[in-house]
Amino acid sequence: AVGEPALTTTQPLAGDSDVTPKAIDSRAGEDTPVPDPQLHDITVADALTTGRPIMIVVSTPTFCVSRFCGPITDSVQELADRYGDKMRFIHLEVWQDFAANQLNPSAAEWIAPTANIQGGEPWVFVVDSDGIIVERFDNVASESELEAAVEAVLAGSDG
């Protein structure tokens with residue numbers, strides 16, 4: 001929740017041989033690389049040690065019931081392209097195995113047990129440079145709202 005410390009999640013990253021690429025990003029596959037490598041190159045736990053703000057999107061672009069996951073994940077990647085030198089941007093895939101209805105443990109830390117998975121996704125969290133959640137978006141957020149949140153957290157950061 002807003003005002004609470006961010007969770008020190010250690011999610012698998014792109015190229016991790018212990019998980020299938022689809023568990024990193026539902027758009028990936030055995031022959032399709034994980035898209036948006038910038039969103040999958042650092043754990044939340046490690047990002048928290050950098051002293052930079054973080055935007056975390058918890059989404060499943062392929063299996064999203066609301067159909068907002070892909071566009072919001074794309075918006076977060078576009079923000080990463082513009083602001084990646086000032087803050088970190090991270091994607092957590094909702095499903096470890098969609099067919100088996102098995103959540104990714106890293107995503108579950110952020111969204112369960114209080115979230116309604118069906119129709120509730122995606123979620124975006126903004127964490128300040130002190131590691132405190134300062135903004136949370138559930139289901140729908142426009143690119144301009146996300147960018148305003150980035151601008152606000154950067155304005156309040158020490159660097």
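This is a predicted model: local features need pLDDT of at least 70, side-chain atom pairs count only at pLDDT 80 or more; totals for chains, interfaces and linings use all residues.
Local features need pLDDT of at least 70 and side-chain atom pairs count only at pLDDT 80 or more, whereas totals for chains, interfaces and linings use all residues. Residues are numbered from 1 along each chain as its sequence is written, and side-chain values use heavy atoms, with hydrogens and water left out.

Helices α3 (residues 69-83) and α6 (residues 143-156) pack with their axes 10 Å apart, at an angle of about 40 degrees. Axes are lines fitted to C-alpha atoms, for helices over the stretch in contact, and angles run from 0 to 180 degrees between N-to-C directions. The angle makes α3 oblique to α6 (under 35 degrees is roughly parallel, over 145 roughly antiparallel, 65 to 115 roughly perpendicular, the rest oblique). On the α3 side, the contact (heavy atoms within 4.5 Å) is made by Ile72, Ser75, Val76, Glu78, Leu79, Arg82 and Tyr83; α6 contributes Glu143, Leu146, Glu147, Val150, Glu151 and Leu154. Seven of these contact residues are nonpolar, one is polar and five are charged.

The structure holds one cavity of 30 Å³ or more (on a 1 Å grid over the protein atoms alone, a set of points where a 1.4 Å probe fits but cannot get out; lining residues have an atom within 4 Å of a point). The largest cavity has a volume of about 50 Å³, the volume being the space filled by probe spheres set on the points. Its lining consists of Gln11, Pro12, Ala23, Ile24, His91, Leu92, Glu93, Asn104 and Ser106. Strand β2 (88-93) gives the most to this lining, with three residues.

How values were computed:
Helices (H or I, at least four residues) and strands (E, at least two) are DSSP runs, numbered from the N terminus. Ala, Val, Leu, Ile, Met, Phe, Trp, Tyr, Cys and Pro count as nonpolar, Asp, Glu, Lys and Arg as charged, and the others, Gly among them, as polar. On a 1 Å grid over the protein atoms alone, a cavity is a set of points where a 1.4 Å probe fits but cannot get out, and a pocket is an open set with protein on both sides within 12 Å along at least five of seven lines; lining residues have an atom within 4 Å of a point.
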